[in-house]
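This report reads a protein model from its overall dimensions down to a single residue. Please keep the sequence and the 3D view open while reading.

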Amino acid sequence: MEKLSFRLSAPQRAGGTRAQAIVGVVASGNLEVLLERASPADICTIEIATAAHGFGAVWDAVVRDFVGRRAAGGLRISVNDGGARPDTVALRLAQGIRKIEEPER
């Protein structure tokens, strides 16, 4: 299991009031993403656990693009990866932002 960590400057704070959100499942070709409001407002931290070794540069590109495009400030994001492709990673991260911005039910 390879572990990667990123601490990125996030120009936009995540909206909504939900404390946490979880999307996806850990399965072959998929991933689980947990988002929590636990970082400073202008920082996004991302911790990744993946069985696919040697893809750090790809992960770096995907998470930097995500933080640049989405309001991710103030979030700590934990990713449990089951070998997902970059487009699936981007989709799950976007779903997580949408979920954490939804009102509690």
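## Overall form

For a chain of 105 residues, a compact globule would have a radius of gyration near 13 Å, and because the protein chain in this predicted model has 13 Å, the value agrees with that expectation. Taken along the principal axes, the C-alpha atoms of the protein chain fill a box of roughly 35 × 30 × 20 Å. Of the 105 residues, 42% count as buried, while the protein chain exposes about 5,700 Å², of which carbon and sulfur atoms supply 51%. Among contacts with a separation of 6 or more, 82% are accounted for by residues 24 or more positions apart. As for charge, the protein chain carries 14 positive and 12 negative side chains, and the centres of these two sets lie 4 Å apart.

## Strands and their pairing

The secondary structure of the protein chain consists of two helices and five strands, and read from the N terminus on, these elements run in the order β-β-β-β-α-β-α. Two of the strand pairings are set out below.

| Strands joined | Direction | Bridges |
|---|---|---|
| S2 (residues 20-24) and S3 (residues 31-37) | antiparallel | five bridges |
| S3 and S5 (residues 75-81) | antiparallel | seven bridges |

S2 and S3 form a hairpin with six residues between them, and in the turn Gly-29 has a positive phi of about 80°.

## A residue in strand S4

Where does Glu-47 sit, and which residues does Glu-47 touch? Glu-47 is found in strand S4, which covers residues 43-50. Leaving aside residues up to four places away in sequence, Glu-47 touches Leu-4, Ser-5, Ile-77, Ser-78 and Val-79. Ser-5 lies 42 residues from Glu-47 along the chain, yet the C-alpha atoms of Glu-47 and Ser-5 are separated by 4.6 Å.

Conventions
Residues numbered from 1 in each chain as written. Predicted model: local features only at pLDDT ≥ 70, side-chain atom pairs only at ≥ 80, totals over all residues. Heavy atoms only, no water. Helix = DSSP H or I, 4+ residues; strand = E, 2+ residues; numbered from the N terminus. Rg over C-alpha atoms; globule rule 2.2 N^0.38 Å. Buried < 20%, exposed > 50% of the residue type's maximum accessible area, 1.4 Å probe, protein only. Contact = heavy atoms within 4.5 Å. Areas by Shrake-Rupley, 256 points an atom, 1.4 Å probe, with all protein chains shown as cover. Lys, Arg positive; Asp, Glu negative; His and termini not counted. Charge placed at Lys NZ, Arg CZ, Asp CG, Glu CD. Pairing = 2+ DSSP bridges.
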